[in-house]
Amino acid sequence: LLPCLVQAASLDDTEPALAASLARISPERMQADIAALSAPEFQGRQAGTEGDRRSAAWIGDRFRSIGLT
């Protein structure tokens with residue numbers, strides 16, 4: 001995934017919003033997001049559970065925070 005993001009970052013001349021969003025993504029941020037989603041608060045994220053709904057909301061919030069909609 002990371003190589004694709006790096007390649008896509010070269011689109012900054014044609015897609016400034018995409019380039020700005022991609023600039024906010026780093027290996028450290030990705031690792032922190034994985035750690036957050038695997039936390040006990042998400043209760044395993046099994047489909048149809050409260051943990052599933054929480055993780056979906058959390059992912060939506062993260063996407064919005066980096067400018068993805």
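This is a predicted model: local features need pLDDT of at least 70, side-chain atom pairs count only at pLDDT 80 or more; totals for chains, interfaces and linings use all residues.
Trainee: Why is Ile66 called buried?

Mentor: Its relative accessibility is 8%, and buried means under 20% relative accessible area. The value of 8% falls under that cut-off, so Ile66 counts as buried.

Trainee: Which residues is Ile66 in contact with, leaving aside its neighbours within four places in sequence?

Mentor: Ile66 is in contact with Ser21, Arg24 and Ile25. Ala23 is 43 residues away from Ile66 along the chain, and the C-alpha atoms of these two are separated by 8.9 Å.

Trainee: What is the place of Ser55, and what makes Ser55 buried?

Mentor: Ser55 is in helix α4. Its relative accessible area is 6%. Since buried means under 20%, Ser55 is therefore buried.

Trainee: How do you know that the side chain of Ser55 has a polar contact with Asp52?

Mentor: A polar atom of that side chain lies 2.9 Å from the backbone oxygen of Asp52. The cut-off for a polar contact is within 3.5 Å, so the distance of 2.9 Å meets it.

Trainee: What does Ser55 touch beyond four places in sequence?

Mentor: Ser55 touches Leu37, Phe42 and Arg45.

Trainee: Which residues of α4 are buried, and what do they pack against?

Mentor: Gly51, Ser55, Gly60 and Arg62 are buried in α4. The buried residues of this helix pack against α3 (27–37).

Trainee: What span does α4 reach?

Mentor: Helix α4, residues 50–65, has 16 residues and reaches 22 Å from first C-alpha to last, close to the 22 Å expected.

Conventions:
Residues are numbered from 1 along each chain as its sequence is written. Side-chain values use heavy atoms; hydrogens and water are left out. Helices (H or I, at least four residues) and strands (E, at least two) are DSSP runs, numbered from the N terminus. The expected span of a helix is 1.5 Å times one less than its number of residues. Buried means under 20% relative accessible area, exposed over 50%, partly exposed in between (1.4 Å probe, protein chains only). Contact means heavy atoms within 4.5 Å. A polar contact is a pair of N or O atoms within 3.5 Å; within protein, one must be able to donate a hydrogen and the other to accept it, and residues adjacent in sequence count only if both atoms are side-chain atoms.
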